[in-house]
Amino acid sequence: MNFNLSSGLKKATVLLGICLLPLAIMIIGCAAFSSMGRLADYDHPLVIETAKLSCASSTQDLNGLGMEKLATKKNTSVIQLQIGLVNLYIIKGEKSILVDSGWPGDTQAILDQLKAININPKEISLIILTHSHMEHFGSTADMRDLTGAPIAIHLEDADCLKNGVNSSIKPRSILGHLLSPVLSRIGKSSMRAVEPDILIDEKMDLDPFGVQGYVIHTPGHTPGSISIILPNGDAIVGDLMIGGIGGVFNQRSPNHHMFANDPDAVDKSIQKIMGFSPKRFFVGHGGPLSPEDVFSTFIGG
Ligand SMILES: [Zn+2]
Ligand SMILES: [Zn+2]
């Protein structure tokens, strides 16, 4: 396992900070950032294969993105890699795309989980970063070295990747306010800077990378947050929303993420995603979430 001493010391500092918080917050904080404490059981990755849904059923909703031309092609499946309580994903089509790269130092855990699902890192055709927060893009440089795959990130989050720094965080809940001092320290963690290969603007077609689907811009959590829409009805939305409380408790229950750079933009992005009538939401922490629950939480409630 790769272990960076400087990163380890910073993570230890963060844990000390968490210990100063009330006990309940400490539990949530430790779990939410459990890749620091290596609470994860890497031997048993959570693997969720999509049901082989007919693409045609969702084609009508996705026509605006040209999904109709994909309806006759092979189905796409999503495999969840759980590194602590941070979710990474493999989108498997004719080729495989990795979504997010975990914390700095998570490379070996990712490789272990890829091995468990029989995916050779060299088979990965693209690495997409949902946004520029450390637990989602921290091991990007190592994963590019290992896979040789190009890196795609939205242009508004690209500078953080280029400079190896965390995107700023703005709390939108009590938990967010309590954890923001800790996260501010995490934001100063070290990660290898990476020059992205592909800058995403409003949308990106994944077909050239062997996967049916599109990336769309869903800002709010960070300015350059993106989501991925697949023609089988799956949506990978990163930290646009979160499963449960801090991604720890009641994980299948949709909730606003505790941090949002622009809460109004988050709400608009959720509405944008709902316009594609997803059948399942995969999130950065917790989940997966049902569209009925997402609707009642953010739209109908
Ligand atoms: Zn985030
Ligand atoms: Zn996150």
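Me: Two strands are said to pair if DSSP finds at least two bridges between them. What makes E9 and E10 count as joined in this way?

Reply: In this predicted model, two bridges join E9 to E10, and since the cut-off is at least two bridges, the two strands count as a pair. They run antiparallel, and isoleucine 229 stands opposite alanine 235 in E10. Four residues lie between the strands in this hairpin, where glycine 233 takes a positive phi near 100°.

Me: What makes strand E8 and strand E9 a pair, and in which sense do they run?

Reply: Strand E8, residues 214-217, and strand E9, residues 226-229, are joined over four bridges, and because at least two are needed, they too are a pair. Their sense is antiparallel. Within this pairing, tyrosine 214 has isoleucine 229 of E9 as its bridge partner.

Me: How do E10 and E13 run, and how many bridges join them?

Reply: E10 and E13 run parallel and are joined by four bridges, a number that meets the requirement of at least two, so this is a pair as well. Alanine 235 has phenylalanine 281 as its bridge partner in E13, while isoleucine 229 stands opposite alanine 235.

Me: Why is strand E10 described as largely enclosed by the rest of the structure?

Reply: Strand E10 covers residues 234-238, and five of its five residues are buried, so the strand is largely enclosed by the rest of the structure. In a regular strand, side chains alternate between the two faces of the sheet. In E10 both faces are covered, with Asp234, Ile236 and Gly238 buried on one side and Ala235 and Val237 buried on the other.

Me: How do you know whether tyrosine 214 is buried or exposed?

Reply: Tyrosine 214, which is placed in strand E8, has 23 other C-beta atoms within 10 Å. A residue is buried if that number is 20 or more, so tyrosine 214 counts as buried. The C-alpha atoms of tyrosine 214 and isoleucine 228 are separated by 5.7 Å, although these residues are 14 residues apart along the chain.

Me: What makes asparagine 250 count as buried or exposed?

Reply: Asparagine 250 is found in strand E12, residues 249-255, and has 12 C-beta neighbours inside 10 Å.

Me: What makes the phi of asparagine 118 worth a remark?

Reply: Most residues other than glycine have a negative phi. Asparagine 118 has a positive phi, near 60°, and lies in the loop between helix H5 (107-116) and strand E4 (124-128). With 7 other C-beta atoms within 10 Å, against a limit of 12 or fewer, asparagine 118 is exposed.

Me: Why is the peptide bond from glycine 287 to proline 288 called cis?

Reply: Omega of this bond is near -5°, and the bond is cis. Most peptide bonds are trans. Proline 288 has its place in the loop between E13 and helix H11 (291-299).

Me: Which residues touch the most other members of the largest nonpolar core?

Reply: Of the 66 residues in this core, Tyr89, Ile97 and Ile127 touch the most other members. Strand E2, residues 86-92, gives the most to the core, with five residues. Leaving aside neighbours within four places in sequence, isoleucine 127 is in contact with several residues, including Leu98, Met143 and Ile151.

Me: How many of the residues reach a pLDDT of 70 or more?

Reply: A share of 74% reach 70 or more, and the mean pLDDT of the chain is 81. Over residues 1-6 the pLDDT is below 50, and over residues 8-61 the pLDDT is also below 50.

Notes. Residues numbered from 1 in each chain as written. Chains lettered and ligands numbered in written order. Predicted model: local features only at pLDDT ≥ 70, side-chain atom pairs only at ≥ 80, totals over all residues. pLDDT = per-residue confidence, 0-100. Contact = placed C-beta atoms within 7 Å. Core = buried A, V, L, I, M, F, W, Y, C linked by C-beta atoms within 7 Å.
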